[in-house]
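Morning, everyone. Please have the sequence and the model open while I talk.

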Amino acid sequence: MVDQAQKEFRTRDLLYSIALWFLSWLIPDPQLHYRREYKFKKRDLFYLSAVLVFPLIWPDPHIHHLMVLAGIHGILALGLTLFLGYAGQISLGQAAFFGVGAYTTAVLTTRYGLPSFLAFWASAIMAAIFALLIGKPLLKLKGYFLALATLGFGEIFLVLVRENASLTGGVIGIFNIPFFSFAGFTFDTYLKQYYLIWGVLTGLVLFSKNLVRSKMGRACLAVASSEEGASALGIDVAWIKLGVFTVGAAFAGLAGSLFASVMSTANPETFSLNLSVLIVMMVVLGGMGNLYGPIAGAIFLTVLIDRLSRYQEYSLPLYGVILILLLIFFPDGIGTRLRVRLIYLISYFGRKKRREKVNL
Amino acid sequence: MFLRLEEITKQYGGVQALNGISLQVERGTIKGVMGPNGAGKSTLFHLISGMEKPDSGSIWFKKKEITGRPLHEIARLGVGRTFQTLQIFGNMTVVENVMTGMHMRIRGGILSSGLSLPWTREDEKRAMREAKEMLEQFGLFGRWKWFASQLAYGEQRRLEIVRALAAKPDLLLLDEPAAGLTYPEAKQLAENLARLKENGLTLLLIEHHMGLVMEIADEVAVLNKGELIAEGPPEVVKKDPSVIEAYMVRK
C-alpha cells in the first residue's frame, strides 16, 4: 500500500519540491556550524545583500530605527551565543557589559572630548577588562549557580551606576553624546546608522564564524560536551570559558558604545535585568549553536515588541503567549529547525490527502 | 624511569581505594592492570591523569613530579587517556573530534583564530588532513562527516582512542578499551594496540578481557581491594595462586 502511494506522481509535488529547493538555500540548516569549509556560501551572500538592500526597498525611518535597535540586540545576542550556545555556559550579566560599553563611550566623548571612533574601541576593551576580572572567580561556578552569580553582577553594576552620580550622572544618566563619526563622516540619520550597525554586525559575524571554525570553536564545543574529556586532551577548560566570556563581553561593549552614540543618551534603565533576559530569550528562541539564529531571534523579538506595543495593556500577555507557542513549536529555535519545520508544514497537506486515499 | 608511582594512597570517605601502590612502567612497553570490580584500577588511572589527587605518595613522569597537577597540564606533558564511560563529543562530527585532540598542536589563540590569520588557517588545514589520515588508519574514514553521537558503540570506543592519539601522547592510559566490543572488534583493537607499541608508544591499560591483556601485555599488575597482589609477565601472573584466588575462581 505504501508503495502505491510513492509511485503516484502529481504535478503538485513538483511545486512542493521547487518550494523546498528555494528554502534549502535561504534558511540555515539545522547544524550550520558543523560545516566548516573555508568559503562563503550562496546563503551568506544572500543574507548580506538582503541586509544591504532592505532599507532601500523599505524607506520608512521608523523601520530603519527599529532595525538599528534589532542590530544592536543582534550584536549582544551574537556575543552571548558564543558563550551560551557554543561553550554551554549561561550568563545573565550581558546587559551589564552593554552598560559598561555605553558609559565608557558616554564619559569619554562628553567629558574628555575623545572622538567616538576611539571611544568605540575603548568600550570594547573596557568591557573585556571587566569580564576578565569578573569571570575569573565567577566561571568556577556551573549551571544555575553561574546564572545567579552573573545576575548578581548585573544588579551590582546597576547600583554602582545609580550611586556614582558624579561619574555616570546617576539615575538621570548622560545626555548629548555625539553621533558616531569617522573621518569627518557623521552617522546622523537612521539610514546611516542602519548601515553603521549592520556593518559592525557583519564584521562581528565574520569574526565569530572564523572563531567557531577554528580550534577555539572546537574547544568550546568540547567544553560544552564533556569538561573531563576536553581537559584530558590538554584543553584548559577554565581559560576557554574565560576567553569566550571575555569575547562575548567585548561584543556587548561594542553594542553599548553604538547604542550610546545612536541614542545620544546613556541611563541605567536600559541596562536592567530585563535586557539580560531578553538577550537570553533571543539566543534561545533564535537557536543555539548557530550564528544566524540569535540574529534572527533579535530581529524577531525587537519587531514583535514594537508591534505589540500598540495593544497597550494586552501587549505583555500577548507577548508571553507568543513566546510559549514558539517554544512549543520551535523547540530548537526559529533559526535552527525552521527548514525542517517548514518542510514538514509544506508536505503536511500532501501527506494528509495521500493518507486518506491510501486508506492504511 | 618513564612512569613511576611511589606508595600511592587514596581514600574515599572510609573506603581505602588504594593502599601503598608502587608501580613502574618502562618506555615502549604495554602494561596491563587487572583486578576484580572495586579493586582500585580506575582510581589509579584518575590519580595518574590528574583527575584526582592522591592522599599520599608521589607520581613521576619523565623525571618530573606530576602529583596533584591538573588534568590538562598532565595532558600537555604527554599523558593521553580514554575513559571507562565514554567522553565522546557528541555535538561534533567524527573528524572534528579528532581535530580537537590536536588542540595542543595547533597554533593560535582567540584573536588570531577570530581574524583567521595565515598560520592558524594553515595549521587548521594540516590538522584536517592529519585527522583524516588517522581515521583511515583506524577504519573510521567512511564516517568522518557523521556526528560522533551517531556512531555505534564500538566505533565510539575506537574514536576515543584515535582522539587521544591525535594529541601525540608519550603515554596512553586506556580504561577498559574492549568493554562492550564484539570478539572481532576486540581482536582488531589488539592488533591496533600492538602496532602502536611498535611505533614507540607506551600503553597502560585496564582490562577485564583476560584474553586481550594476556595477548598483548608485556607485564601485568593485578590489584585487589586496593593492594598490589602480583606483578610480572602474563604467564607468571596467570599461575600466581593469590591471583587465581582473588580474580579467577572467586567470582
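Start with a definition: two strands pair if DSSP finds at least two bridges between them. Strands here are DSSP runs of E, at least two residues, and helices are runs of H or I, at least four, both numbered from the N terminus.

Now some housekeeping. This is a predicted model: local features need pLDDT of at least 70, side-chain atom pairs count only at pLDDT 80 or more, and totals for chains, interfaces and linings use all residues. Residues are numbered from 1 along each chain as its sequence is written, chains are lettered from A and ligands numbered from 1 in the order in which they are written, and side-chain values use heavy atoms, with hydrogens and water left out.

Chain B, then. Which order do the strands take in the open sheet of 6 strands? The order is 6-7-8-3-9-10, with mixed pairing. Strand 6 (79-81) and strand 10 (227-232) of chain B are the edges, each pairing on one side only. From one strand to the next, the twist averages 15°. A word on angles: axes are lines fitted to C-alpha atoms, for helices over the stretch in contact, and angles run from 0 to 180 degrees between N-to-C directions.

Look inside that sheet. Strand 3 (residues 30-34) of chain B pairs with strand 9 (residues 219-224) of chain B in the parallel sense, over 4 bridges. B:V33 has B:A221 in strand 9 as its bridge partner.

Chain B has another open sheet, this one of 4 strands, in the order 2-1-4-5 with antiparallel pairing. Strand 2 and strand 5 (64-65) of chain B each have a single partner strand, so one side of each is left without a neighbour in the sheet.

Walk across it. Strand 1 (residues 3-12) and strand 2 (residues 15-25) of chain B are antiparallel, with 8 bridges. B:T9 sits opposite B:N19 in strand 2. These two strands make a hairpin with 2 residues between them, and B:G13 in the turn has a positive phi of about 60°. Strand 1 of chain B also holds B:E7. Phi of B:E7 is near 45°, which is positive in a residue other than glycine.

On to strand 4 (residues 56-61) of chain B. Strand 4 pairs with strand 1 in the antiparallel sense over 5 bridges. B:R4 has B:W60 as its bridge partner there. B:W60 also stands opposite B:E65 in strand 5 of chain B. Strands 4 and 5 of chain B share 2 bridges, again antiparallel. Helix 1 (residues 41-49) of chain B packs on this sheet and touches strands 1, 2 and 4. Its direction makes about 115° with that of strand 1 of chain B. Touching, or contact, means heavy atoms within 4.5 Å.

Chain A next. Chain A has 16 helices and 2 strands. Of its 360 residues, 52% count as buried. Buried means under 20% relative accessible area, exposed over 50%, partly exposed in between, with a 1.4 Å probe and protein chains only. Take contacts in chain A between residues at least 6 apart in sequence: 77% join residues at least 24 apart.

Why is helix 10 (residues 215-225) of chain A largely enclosed by the rest of the structure? Because 9 of its 11 residues are buried. Among them are A:K215, A:R218 and A:C220. At the start of helix 10, a side-chain oxygen of A:S214 comes within 3.1 Å of the backbone nitrogen of A:M216.

Here the chains meet. B:H103 lies in the loop between helix 3 (94-101) and helix 4 (110-114) of chain B. Not counting residues up to four places away in sequence, B:H103 touches A:K215, A:A219, A:G234, A:I235 and A:I240. At 7% relative accessibility, B:H103 counts as buried.

Last stop, a helix pair. The axes of helix 13 (residues 273-286) and helix 15 (residues 315-329) of chain A come within 11 Å and cross at roughly 35°. On one side are A:L278, A:M281, A:V284 and A:L285; on the other, A:Y319, A:L323, A:L326 and A:L327.

Key. Polar contact = N/O pair within 3.5 Å; in protein donor to acceptor, adjacent residues only side chain to side chain.
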